[in-house]
Amino acid sequence: LGGARDFRERYEIPITRDRDSAVQARLARRVRPFLLRRVKREVAPDLPARIEHVALCDLTPEQAAVYRQVLEAGRSEVLAAVGAQGLARSRMVVLTTLLRLRQVCCDLRLLDLPGLEAGAPSGKLDLFEELLEEVVDGGHRALVFSQFTSMLALIRERLTAQGIEFCYLDGATADRGSVVQRFQGQPGIPVFLISLKAGGTGLNLTAADTVIHFDPWWNPAVEAQATDRAHRLGQTRVVTS
């Protein structure tokens, strides 16, 4: 492919700036021999199916009120930032607003708002408890992913109060291997709480047959990788996510 300057002149500029399809096709022909891809059905044709289910819930009145407030404040911040420095330089303001709205949908306590009651209800957390009850009562085991470690901490409190055993893994976990071995080797532990960034790849957790994503990630492919911690070689049961 040549040096960086040569590659930029021959390929990058014509493709990105000029949308030259002929140059793009030429580059594709040159790199095609180096791109090898195997899909899961070719490697493991006997792997059980994976069933996807989206559980919808409503915001509580308290969450809905805060959501509207955050939305209006965020809209003002975004418009002011875009007007002052343009859209390209205002991306962090946009992402911050979207992140706050996501946190409202999870649990108001993630925002650490002054005057908020410690036991403020969360529609999503209540629904999660119902889903988890079905999982445990049905003899299943679940991986629970969230992008917010603070949300996982709230879930830990609920599980502890209900006497449900669990394993936990996030970026601060020192010995990941021992935690994974504990979950894999002890059928009596029905729940594994995992930070999406820390546990989205590189783990074999086929002892679980249910995967719950408490909150959606920006990139659906990352969620799919996390789900595949359970839906992989060695899995003998249908996986529900």
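This is a predicted model: local features need pLDDT of at least 70, side-chain atom pairs count only at pLDDT 80 or more; totals for chains, interfaces and linings use all residues.
I began with Val-82, which is partly exposed, its relative accessible area being 30%.

Residues are numbered from 1 along each chain as its sequence is written, and side-chain values use heavy atoms, with hydrogens and water left out.

**Entry: Val-82 and its surroundings**

I placed Val-82 in helix H4; helices are DSSP runs of H or I with at least four residues, strands are runs of E with at least two, and both are numbered from the N terminus. Which residues does Val-82 touch beyond its neighbours within four places in sequence? I found Leu-87 and Ser-90 in contact with Val-82, where contact means heavy atoms within 4.5 Å. I also looked up Gly-202, which is 120 residues from Val-82 along the chain; their C-alpha atoms are separated by 40 Å.

**Entry: H4 against H5**

I next took helix H4 (residues 61-85) with helix H5 (residues 91-106): the two pack at an angle of about 180 degrees, and their axes are 9 Å apart. The axes are lines fitted to C-alpha atoms, for helices over the stretch in contact, and angles run from 0 to 180 degrees between N-to-C directions. H4 and H5 are therefore roughly antiparallel to each other; that term covers angles over 145 degrees, against under 35 for roughly parallel, 65 to 115 for roughly perpendicular and oblique for the rest.

From H4 I listed Gln-63, Val-66, Tyr-67, Val-70, Leu-71, Gly-74, Glu-77, Val-78 and Ala-81 as making the contact; H5 contributes Val-93, Val-94, Thr-97, Arg-100, Leu-101, Val-104, Cys-105 and Cys-106. I sorted the residues of this contact into 12 nonpolar, 3 polar and 2 charged. Here Ala, Val, Leu, Ile, Met, Phe, Trp, Tyr, Cys and Pro count as nonpolar, Asp, Glu, Lys and Arg as charged, and the others, Gly among them, as polar.

**Entry: two further residues of H4**

I looked at Val-70, which lies in helix H4. Is Val-70 buried or exposed? I noted it as buried, at 15% relative accessibility. Its C-alpha atom is 7.7 Å from that of Thr-97, 27 residues away along the chain. Leaving aside neighbours within four places in sequence, Val-70 is in contact with Arg-100, Leu-101, Val-104 and Leu-111.

I then turned to Ala-64, also placed in helix H4. Ala-64 counts as buried at 19% relative accessibility. From Ala-64 to Ala-142, 78 residues apart along the chain, the C-alpha separation is 29 Å.

I found Asp-126 in helix H6 (residues 123-137) and partly exposed, with a relative accessible area of 33%. Asp-126 and Cys-57 are 69 residues apart in sequence, yet 9.2 Å apart in space, C-alpha to C-alpha.

I noted a positive phi of about 55 degrees at Arg-19, although this residue is not a glycine. Arg-19 sits in the loop between H1 and helix H2 (21-31) and counts as exposed at 68% relative accessibility.

**Entry: aromatic rings**

Phe-7 is partly exposed at 25% relative accessibility, whereas Tyr-11 is buried, with a relative accessible area of 1%.

Phe-183 and Phe-192 are both buried.

**Entry: charges over rings**

I found Arg-102 over the face of Trp-218, at 3.8 Å from the ring centre. Arg-156 lies over the face of Tyr-168, at 4.2 Å from the ring centre. The criterion is NZ of Lys or CZ of Arg within 6 Å of the ring centre and within 35 degrees of the ring normal.

Terms used: Buried means under 20% relative accessible area, exposed over 50%, partly exposed in between (1.4 Å probe, protein chains only).
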